[in-house]
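Reader: I am new to this structure and would like to be guided through it. Could we begin with how the strands are described?

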Amino acid sequence: MYLKSYETKYGTMVAVADAELVGKKFKYKGGEFFVNPRFYQGEQASAVEVMDAVRDAATVNLVGRKSVECGKMAGVISEKNILWISKKIPHAQAVVVPENQ
């Protein structure tokens, strides 16, 4: 998986994509979904690194089965957050609200 972090005025935004999807285009609802390398291709990361980054982020953008599964395991993505770009490619976004707030 690729993991890329961005600092925003609202906190850290994390983009994660399964490595084999980066640079590919997929048909989605009459348009296309592009897994843009400029946005997603950061450092290679393990599942543990992705889950840690996702837990610490303010916003999360995930594409691909492995990436979305890490978001689910980290507790920030639920099934209702998942959009299916195709029958095989999940995409999820979330705003992470810390439990103590």
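Author: Two strands are said to pair if DSSP finds at least two bridges between them. In this predicted model, strand S3 (residues 25–28) and strand S4 (residues 31–34) run antiparallel and are joined by four bridges.

Reader: What do S3 and S4 form together, and how many residues lie between them?

Author: They form a hairpin, with two residues between the strands. Lys29, in the turn, has a positive phi of about 50°. Within the pair, Phe26 stands opposite Phe33 in S4.

Reader: Now the sheet. In what order do the six strands come?

Author: The order is S5-S1-S2-S6-S8-S7, in an open sheet with mixed pairing. Strand S5 (43–44) and strand S7 (82–84) are the edge strands, each pairing on one side only.

Reader: In which sense do S1 and S5 pair?

Author: S1 and S5 pair in the antiparallel sense, over two bridges. Tyr2 stands opposite Gln44 in S5.

Reader: Let us turn to helix H2. Which of its residues are buried?

Author: Helix H2 (residues 47–56) has Val50, Met51, Ala53 and Val54 as its buried residues. Seen down the axis of H2, these residues fall within an arc of 165°, so they line one face of the helix.

Reader: What does the face of H2 turned away from its buried side carry, and what covers the buried residues?

Author: The face turned away carries the exposed residues Val48 and Asp56. The cover over the buried residues of H2 includes strand S1 (2–8), strand S2 (11–17), strand S6 (59–63) and H3.

Reader: How many residues has the largest nonpolar core, and which have the most contacts inside it?

Author: That core has 21 residues, and those with the most contacts inside it are Val16, Val50, Val54, Leu62 and Ile77. The elements giving two or more residues to this core are S2, H2, S6, H3 and strand S8 (90–95). H2 supplies the largest share, four residues. Apart from this core lies another, of 12 residues, among them Val22, Phe33, Val35 and Val63.

Reader: What is Ile77 in contact with?

Author: Leaving aside neighbours within four places in sequence, the contacts of Ile77 include Leu62, Val68, Gly71 and Ile82. Ala92, Gln93 and Ala94 are also among the contacts of Ile77.

Reader: Which residue does the side chain of Ser67 join in a polar contact?

Author: The side chains of Ser67 and Asp18 are joined by a polar contact of 2.7 Å. Beyond its neighbours within four places in sequence, Ser67 is in contact with Met1, Val16, Ala17, Asp18 and Leu62.

Note on methods. Residues are numbered from 1 along each chain as its sequence is written. This is a predicted model: local features need pLDDT of at least 70, side-chain atom pairs count only at pLDDT 80 or more; totals for chains, interfaces and linings use all residues. Side-chain values use heavy atoms; hydrogens and water are left out. A polar contact is a pair of N or O atoms within 3.5 Å; within protein, one must be able to donate a hydrogen and the other to accept it, and residues adjacent in sequence count only if both atoms are side-chain atoms. Contact means heavy atoms within 4.5 Å. Buried means under 20% relative accessible area, exposed over 50%, partly exposed in between (1.4 Å probe, protein chains only). The arc is that of the directions from the helix axis to the C-beta atoms. A nonpolar core is a set of buried Ala, Val, Leu, Ile, Met, Phe, Trp, Tyr and Cys residues joined through side-chain atoms within 4.5 Å.
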